[in-house]
Amino acid sequence: MLSIGYIRQNKQKVIEAAKNKNREVDIEKIIKLDDQRLVLIHQTQSLREERNKLAKEKITEAIKTKGRELKNNLKKLEDQLTVINQQLNELLSYVPNVPLDEVPIGKDASGNKEIKKWGTIPKFDFQPKSHIELGKLLDLTDLERGAKIAGFRGYFLKNELALLHFALIFYVFNKLVKKGYTPIIAPAVIKGFTLFGSGQFPWGEQDVYKLNDDDAYLAGTAEQPVTAYYSGEILNEKDLPKKFVAFSPCFRKEAGAYGKDTKGLYRLHEFWKVEQVIIGKNDVDEARKLHEELQKNSEEILQDLELPYRVLLMCTGEMGEPHIKKYDTETWMPSRNAYGETMSNSIMGDFQTRRLNIKYHKNDGKTEFCFSLNNTALASPRILIAILENYQQKDGSVLVPKVLQPMVGFNQIKPRL
RNA sequence: GGAGGGUUGGCCGAGCGGUUUAUGGCGCAAGUCUUGAAAACUUGUGGGCUUUUGCCCUCACAGGUUCGAAUCCUGUACCCUCCGCCA
């Protein structure tokens, strides 16, 4: 959410930003509505002023009559104001955030800028298998029964892969705790306001599971519950930034992606994720630094796992509505013969905190909205694709990344006899 | 699922129809003093409109009663205690 004051002062910039993000917003309509709102505010204020004065006078029948009249007039104006406010907030909630200057302008993925590559893409002297084949041959996945039990995109993880799934999550969780991040297990059944607050709503409603008629939804990422953790609160500058390493199961309908990535473990309705979430000061340069820190953490994880990856600076057209800067980290997946997205690292500015009403007392005594950032630390099973496919051997076995070996107690997944 | 009790500013905590413009304390910030710090003192410390004076809103949230609501009524959310159920 952008403030109406900001929009009024930076009209062109906001219009431009929405266009660059391939979004349509009617800023003129918003400003017109706000003009009406201001007029109504003036009118209601002066009526209230009158009422307050009247209430201090000696009570007579005449005063009572006048008071009742005032009340009726005020009610009418207030009702109008309520309607205007609703309309205005509705429109405001659709205005996307304004990207930082260093973000490349572009319509689609072709506008992204590759800024880093790490690791060596493996060259196989045999015909490499996909994770789907490996999963079947080594009895690590059961996608057929997954579909039988859970439906389209359902899956079972079995045997060594089930252990690796746990080990990865714990390895990453623990690594970030050692870096000073507060470990937190987040609820996955969450209220609607957290989804509005994170900027999931109103744009991505079709991708979220809603439970019955309750105000209860399944989280698509721990970003949603953890960013909302301090909603309605005022923090102190000296306690910032708050850094979390959050775990939650994640649920996504993938409604807009029916034809995409239909095979294997890439695009699932249900997965586990460790997410880094930061609530920090309202300061762009500090946010940039934290953004780089989050990036470094995620890259270290891929380096620990010895998986080749690249980093993209995402262009305006590839950014979500709340984002002002975003890096995607993509890990090499041999069966795709391409890098596949495994992490996404964003600065949201005060877009989310304004929706969630998260502020802090600055050292000078003033109050301001915080900034929020987040980055994937690890999402599994998707990362398992990269591990299975990059670590596969000629004999059909799969090696286990060194850092995970002590945790799972084996260093190789061998074909069953 | 049932029965009670509660929710007041950053925090603690008064107020329970009209000098409340929300006592008081703590914390925080600025200033005075000081070589510096502490202490002390002064001022400030929710949001909005106007941006000169000021005005309006704000006591969990949403309605209602009243000339007038933090205060009375209704609903909702959350917290606490107990009973029931339960991994």
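UniProt, in an unreviewed entry, lists residues 60–94 as a "coiled-coil region"; such positions are given in the numbering used here, feature names are shortened, and annotations may be inferred rather than shown by experiment. In the predicted model, the end C-alpha atoms of residues 60–94 lie 50 Å apart, and the span is 91% helix and 0% strand. Helices are DSSP runs of H or I with at least four residues, strands are DSSP runs of E with at least two, and both are numbered from the N terminus. Because this is a predicted model, local features need pLDDT of at least 70 and side-chain atom pairs count only at pLDDT 80 or more, whereas totals for chains, interfaces and linings use all residues. Residues are numbered from 1 along each chain as its sequence is written, while chains are lettered from A and ligands numbered from 1 in the order in which they are written.

The surface near RNA strand B involves helices α3 (27–56) and α4 (61–92), each of which supplies at least two residues. The largest share, ten residues, comes from α3. In total, 22 residues surround RNA strand B, the closest being Arg-48, Glu-49, Ala-55, Lys-64 and Gly-67; a residue is near a molecule or strand if its C-beta atom, placed from the backbone, lies within 6 Å of it. By class, this surface comprises seven nonpolar, eight polar and seven charged residues, where Ala, Val, Leu, Ile, Met, Phe, Trp, Tyr, Cys and Pro count as nonpolar, Asp, Glu, Lys and Arg as charged, and the others, Gly among them, as polar.

Chain A is divided into domain 1 (4–92) and domain 2 (109–413), with bounds taken from an automatic or database domain assignment. The C-alpha centres of domain 1 and domain 2 lie 42 Å apart. Their contact takes four residues from domain 1 and four residues from domain 2, two residues being in contact if their C-beta atoms, placed from the backbone, lie within 7 Å. On the side of domain 1 that touches domain 2, the residues divide into no nonpolar, two polar and two charged.

Chain A contains 13 helices and 17 strands, and its C-alpha trace spans about 100 × 45 × 40 Å along the principal axes. Among contacts between residues at least 6 apart in sequence, 72% join residues at least 24 apart. Of the 417 residues, 38% count as buried (20 or more other C-beta atoms, placed from the backbone, within 10 Å of the residue's own; exposed if 12 or fewer, partly exposed in between). Helix α12 (residues 382–390) is mostly covered, with nine of its nine residues buried, including Arg-382 and Glu-389.
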